[in-house]
2 protein chains.
Amino acid sequence: MTYRSPLDDYRFIFKHLAKLDEVLALPSYQEFEPDLVDAVLDENAKFVEEVIAPTNWEADQHPPVWENGIVKAAPAFHEPYQQFVESGWQGLGHEQQWGGQGFPSLVVTAAAENLQAGNISFALCPMLTDAVIEALSLVGSDAQKKTYLPSLIQGTWSGTMNLTEPQAGSDLSLVKTRAVKQADGTYRLFGQKIYITYGEHDLAENIIHLVLARTPDAPEGVKGLSLFVVPKYLVNDDGSLGQRNDVWSASIEHKLGIHGSPTSVLLYGDGKGEVGEGAVGTLVGEEGRGLQYMFITMNAARFAVGLQGIGLSERATQKAISFARDRVQSRAVEGSPGPVAIVRHPDVKRMLMTMQALTQASRAIACAAAHARDMGHAHTDPQVRAHQSQVYDFLVPVVKGFSTECSIEVASHGIQVHGGMGFIEETGAAQYYRDARILTIYEGTTAIQANDLVGRKTLRDGAAMARDFFKQMQQTCADLSAMIAKSGTDKQSGLSLIRDRLAEAIACAEAAVSHLLANASDHVRAVYAGSVPYLMLTGYLHGGWHFARAAMACVSAQQAGDKDPILEDKLATAVFYAGSILPRVQSISQGMLADVTVTAALDRASLSA
Amino acid sequence: MTYRSPLDDYRFIFKHLAKLDEVLALPSYQEFEPDLVDAVLDENAKFVEEVIAPTNWEADQHPPVWENGIVKAAPAFHEPYQQFVESGWQGLGHEQQWGGQGFPSLVVTAAAENLQAGNISFALCPMLTDAVIEALSLVGSDAQKKTYLPSLIQGTWSGTMNLTEPQAGSDLSLVKTRAVKQADGTYRLFGQKIYITYGEHDLAENIIHLVLARTPDAPEGVKGLSLFVVPKYLVNDDGSLGQRNDVWSASIEHKLGIHGSPTSVLLYGDGKGEVGEGAVGTLVGEEGRGLQYMFITMNAARFAVGLQGIGLSERATQKAISFARDRVQSRAVEGSPGPVAIVRHPDVKRMLMTMQALTQASRAIACAAAHARDMGHAHTDPQVRAHQSQVYDFLVPVVKGFSTECSIEVASHGIQVHGGMGFIEETGAAQYYRDARILTIYEGTTAIQANDLVGRKTLRDGAAMARDFFKQMQQTCADLSAMIAKSGTDKQSGLSLIRDRLAEAIACAEAAVSHLLANASDHVRAVYAGSVPYLMLTGYLHGGWHFARAAMACVSAQQAGDKDPILEDKLATAVFYAGSILPRVQSISQGMLADVTVTAALDRASLSA
């Protein structure tokens, strides 16, 4: 089976849900004609389908190799990476001033998800480069921008984020890496960083590390952290590569998945470079504000990991559907002359629809976030900009947490659809299940996302944003009622189910939010016991809302005479989601409402098991 | 961290839920004094903790090797397998007439789960041997019993089940392997079987294959299938090993998990043995009844796979709890002087409790089934025997399907608790996630179990058994009300939550069962779309019921002055289950109730995605 870029779904979303024409109408984006966007997305689809997607299994089985501090990338990646650079994909969303093309986030989202579906292990390299570009664009000095941005945006250099240390994972206050200021204003770094994605490899000519470290006299905790840029090779004034810096890969990890992506332990200041002892770096912004800068850039990175989840889900779904159409086994439950393709078995259909519905729900939420980002970035009215930026901020932990949690479920169903063959590595379904399992962990675990959603995004504004969404959703219910009245009978029961289930889910979500607000001061542990459930509830609810909007768009289009079969498919997926997925909101809400009682019981027990 | 056998939980269950004294009071089991049972379980715990558990990671990393048709087992297994045989563990539950010890199923369940927790890949070998012993005991001829049972029960020979072929997985009607009758009454077998667990290895002296095959003039479909016993080495009249038979391993599979277990493609009749062309076998029972015999023995095998799920869940849970106690990261959400062990973070606690609660729920259901099996086997009243056998039959697909589906969730949480380290293979948490993924597939996928539960176990008796359970559960709710009235205030809110949530879950389950009955004839596809949901609903509900019973037992014991800390832990876990897990019944039921509408919508779409 071959992977096909899900452009049909993107075009549906761009037309009906997260409207691309609204974004392209903004003055900043008026240079991008719809035809140009279409052509870019077609070209991106072709590149990923033909060049990147075929490397996925290959690089899993022939991963990168570490030898004496040198990491050779997966052999399957060298040629595709060069093509990636030559085609300019790294620069798609970046500033034109530094060589990028400046496309809006909504367009970049489609291309980025596609690249992730092609190969997550490959796409991690440009994804980390994006993060470094984002950070330097926002908080780098003019000199740093001039030195690093053009080559990063070209993709000839790649970037990395160096946060984690053995004792400092989710808790970055425990970071120990030292940065000592030199007479010339540069710093020398000493310490060990772990889990550094593409920390060392030979695809790019230089690697630009962003490193969180502590100056000698800095206070303890997060306020003592500063951010540094440390290149693998120093850069001469003319832009050519200079001395080998003192940062080395000590090893790469033996991981459950994303085998194609080299994950390094990096040693700073081991004394083996051409620069003497200590890795030479320059400070980004001001001392002591490192974590703050990381937070500024974190939204984009978290959003990107969410897209990894969606891309992986898309690909696992396509593979499972393709298998289920070909594999003939057992008669139909309603009777059939002989065995049928398993796609006809109701339980297989249920799994495939669950996969498809979760994938499309995640994608619709991500596009809503990207739309808000573009509006927040480029709308002419500053109040709209401020509000849309808040919408984006609210949705980012949902995109990251929900899409990736869903991808694990989707990949697991994908194996199950394949039966015994799913467990055989060569089939390929198992790889998605392995690869997906990192997505809920890196760039902040689901709990980190969920605590952010509960604390900063919901409690802080007294749930104003959360409830503003509820109001919009209630309007959608009202719109559905109007549509049901004038729909054909074949649509009425489906639309009614969507309306009724959405209304129930909103009520459950309101109860959950009220619970959070009511207990935030007196039962803080109970509130945070429900943080991941709340994040998932929010994801399921928003997904259901977008599907409800999609269903109305389908019926409207059909009423206007449009016979595109995607409309009936989308509508059926929306009905399935309302029937089978959206009720999860109820059970999650019920769980949250019991958290005060449950926490009290747990506090009385030792739980020695 | 070291694995500890969960004997505390078993002893709690044996005392309060699936009562061992009731089983040991049966005449057939009176020879087994409680002290003897205790000693056996202690010895089993020690053996697994010291000998088997340490091989788990080792065999994953140094798996069996295939070379020219010969499979060398994982090096770590040779010595432990000899100890396993010498200690007589293979015979624990088998007939004394053939050298077994004849312990009741409830005791064997504890030992079997423990062995699976120690190492699923290892335990698969005795598990398959058990299946062959079970089959030959029930339907073998006297000569077959005499030839094979003593060595199988000793464990010096092992057994395999040969059902699957490339075109025949869930659908065994498509089996093509041929069995040609010879003049001497034996048969010669020709064909290819795949996914044969321990189909070839060097731990046992001989391997006894049970093979589903088709005689030349047999009708098509399942009625043409017969069952044959085919030994790797023919057995001489004096019991010594004779000629090498014509069955060969063509390869072993490259699998996602259970790396320590060799999964063979077996070729029958390749002409390379010492017996000429065709593997020599003898017919089991009568021609044409092969699948029927397989079904007779299938309950035991499916129950055993359920125990694999529980053992895996137990071990993953222990590992995660141990890590969460040691790993210090971030301050407590309610404030703390410095970072705390992550077990104190509400979200980590939620994951650990989910793992523990699902494990203990699965175990309680399995023990209820084993108790029913013993009663069905050995009760003096034939009516009780008949009823209890039906109880067992109802519960087996739940034990198999629910416990294994839970094990995937549990293992996935186990990785998440470990954060980034969970994704590194050497940590070991990833292995459980890989290993668990086969459990919902082999011995009948979850859908196969669920279709059995819906069709044969629920619709066939008009839901009489399902509703009989509901009645017992309602009685538990009434008992809880009585207890709440006389409990201390610290217990009342927890017990009320348990009662209220159980009552809600029963109501939801009743609605789901009514839906199945109402639509069985007119909407069969909608009914079977809900089969896996119904199986999971049944598991969650029964788990919640047993936890409710456990909670009452804990409070009663405490009221009687028992200060054992396990009582408070069990009670807290029961409250957690009622608060956080049991509401899943609601959302599943809601999903099922929409299936007629959803199926109609899906039938209108092409779902070309």
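1. A:Tyr233 has A:Arg244 as its bridge partner in β9(A). The model is predicted, local features require a pLDDT of at least 70, side-chain atom pairs count only at pLDDT 80 or more, and totals for chains, interfaces and linings use all residues. Residues are numbered from 1 along each chain as its sequence is written, while chains are lettered from A and ligands numbered from 1 in the order in which they are written.

2. Strand β8 (residues 233–235) of chain A and strand β9 (residues 241–244) of chain A run antiparallel and are joined by 2 bridges; strands pair if DSSP finds at least two bridges between them. The hairpin of β8(A) and β9(A) has 5 residues between the strands, and A:Gly239 there takes a positive phi near 90°. Strands (E, at least two residues) and helices (H or I, at least four) are DSSP runs, numbered from the N terminus.

3. Helix α3 (residues 34–52) of chain A packs on α6(A) at an angle of about 10°, the axes being 9 Å apart. This makes α3(A) roughly parallel to α6(A). Axes are lines fitted to C-alpha atoms, for helices over the stretch in contact, and angles run from 0 to 180 degrees between N-to-C directions. Angles under 35 degrees count as roughly parallel, over 145 as roughly antiparallel, 65 to 115 as roughly perpendicular, and the rest as oblique. By class, the contact of α3(A) with α6(A) has 10 nonpolar, 3 polar and no charged residues. The classes are nonpolar (Ala, Val, Leu, Ile, Met, Phe, Trp, Tyr, Cys and Pro), charged (Asp, Glu, Lys and Arg) and polar (the others, Gly among them).

4. Helix α6 (residues 105–118) of chain A also packs against helix α9 (residues 290–326) of chain A, at an angle of about 60° and with axes 7 Å apart. The two helices, α6(A) and α9(A), are therefore oblique to each other. The crossing of α6(A) past α9(A) is right-handed; a crossing is left-handed if the near helix is turned anticlockwise from the far one by less than a right angle, and right-handed if clockwise. This contact of α6(A) with α9(A) has 6 nonpolar, 5 polar and 3 charged residues.

5. In chain B, helix α9 (residues 290–326) and helix α10 (residues 346–378) pack at about 155°, with their axes 9 Å apart. Accordingly, α9(B) and α10(B) are roughly antiparallel to each other, and α9(B) passes α10(B) in a left-handed crossing. Their contact has 13 nonpolar, 7 polar and 2 charged residues.

6. At the interface, 79 residues of chain A are in contact with 79 residues of chain B, where contact requires C-beta atoms, placed from the backbone, to lie within 7 Å. Helix α18 (residues 565–581) of chain A supplies the largest share of the chain A side, 9 residues. That side has 37 nonpolar, 26 polar and 16 charged residues.

7. How confident is the predictor? Chain A averages a pLDDT of 97, and 100% of the residues score at least 70; pLDDT is the predictor's confidence in each residue, from 0 to 100. For the complex, the predictor gives an ipTM of 0.97 and a pTM of 0.98.

Key: Contact = placed C-beta atoms within 7 Å.
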